[in-house]
Amino acid sequence: MSITVVGTVAFDAIETPFGKVDRCIGGSATYFSVAASFFSPVDLVSVVGDDFTDEDAAIFNGRDINLDGLQRIAGAKSFFWSGEYGFDLNVAKTRETQLNVLAEFNPQLNERQRNANVLFLANAQPELQLAVRRQCTPRVVALDTMNLWIATAKEALTRVFREVDLVIINEAEVRQYTEQASLVKGAREILSLGVKTLVIKRGEYGVLMVTNDGVFAAPAYPLENVFDPTGAGDTFAGGFLGYLASRDEVNDRELRRAIIYGSVLGSFTVEKFSLDRLREVTLDDINARYASFQALMTF
């Protein structure tokens, strides 16, 4: 089963209490694709400038990631984000954002990309997400968003919610969108729009999944060393949807397993800056940590 992801491939500059990097590979589609490719083939749809070199693109080498949808714009610069974290690694402070090539990004999916089994609409303007959504009819459509779109484009975001199966969102965004203090009550409100599954990221407190049939909660994997949380949410989404795409059907049992695989991939990402930890990880490493996660939750 294949996946199409539409999102960003970018450069980041990151500072945490444990170090900093002035230029590293980032972007929602980058983290997502690398994580998902451990389980399923991925078609990546994004745009970069000519500052994105073959050496930069090496992060995709040797993985089942099709780059036909990665546009290169001559004479332009790639999307750039600079941010910092304090000791509360759940909160990022943006220093600078340069849209660059992303300002004119208008993805047109080819036949292969339209026919994927799973479509992931990574964080972007809701109007762009909706335009992509209407180009294809996959088995599962999942979406990520952020507080900016809730504040500035809530009506458009609601229209997208009505046309997707699964929403991945953090707990602050659930409260912001619904104006409900209770996460479960807020989740029910979003489900009422037609969303089948709501996956709520809670950082160091784990993940809450809410469907019309019930609620599932998983803790975060306990780590001794956390260096950089950038991209952890997109990595989680990649592991989660990559695993689901590898299954014959999507049911409650597989959704719960997918939550754990997503959490495992996210736990690896934060152990080093950028995608440096994901460069090292093997499927055996992932399965070993999955087994440890199972033991953690058994009582």
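Reader: How many bridges join strand E11 to strand E12?
Author: This is a predicted model, in which local features need pLDDT of at least 70 and side-chain atom pairs count only at pLDDT 80 or more, while totals for chains, interfaces and linings use all residues. Residues are numbered from 1 along each chain as its sequence is written, and side-chain values use heavy atoms, with hydrogens and water left out. Helices (H or I, at least four residues) and strands (E, at least two) are DSSP runs numbered from the N terminus, and two strands pair if DSSP finds at least two bridges between them. E12 spans residues 207-211 and runs antiparallel to E11, and the number of bridges joining them is 5.

Reader: In which sense do strands E10 and E11 pair?
Author: Leu 166 stands opposite Thr 197 in E11, while in E12 the bridge partner of Thr 197 is Thr 211. Over 5 bridges, E10 (residues 166-170) and E11 pair in a sense that is parallel.

Reader: How many of the residues of strand E11 are buried?
Author: A residue is buried under 20% relative accessible area, exposed over 50% and partly exposed in between, with a 1.4 Å probe and protein chains only. Thr 197, Val 199 and Lys 201 point one way from E11, Leu 198 and Ile 200 point the other way, and all are buried. E11 (residues 197-201) is therefore largely enclosed by the rest of the structure, the buried count being 5 of the 5.

Reader: Which residues does Ile 259 contact, leaving aside neighbours within four places in sequence?
Author: Contact here means heavy atoms within 4.5 Å. With those neighbours left aside, Ile 259 is in contact with Val 199, Val 207, Met 209, Phe 216, Ala 218, Phe 236 and Phe 240.

Reader: What is the angle between the ring planes of Phe 161 and Tyr 177?
Author: Rings of Phe, Tyr and Trp (its six-membered ring) pair if their centres lie within 6.5 Å, and planes under 30 degrees apart count as stacked, over 60 as edge-to-face and the rest as tilted. Phe 161 lies in helix H6 (residues 154-161) and Tyr 177 in helix H7 (residues 171-178), so the pair ties together parts that are 16 residues apart in sequence. Their centres are 5.1 Å apart and the pair is edge-to-face, with an angle between the planes of 65 degrees.

Reader: Which charged end sits over the ring of Phe 268?
Author: A charge sits over a ring if NZ of Lys or CZ of Arg is within 6 Å of the ring centre and within 35 degrees of the ring normal. At 3.9 Å from the centre of the Phe 268 ring, the charged end is that of Arg 289.

Reader: With which side chain does the side chain of Arg 277 make a polar contact?
Author: Arg 277 lies in helix H11 (residues 276-280) and is buried, because its relative accessible area is 19%. A polar contact is a pair of N or O atoms within 3.5 Å; within protein, one must be able to donate a hydrogen and the other to accept it, and residues adjacent in sequence count only if both atoms are side-chain atoms. At 2.8 Å, the partner of the Arg 277 side chain is that of Glu 271.
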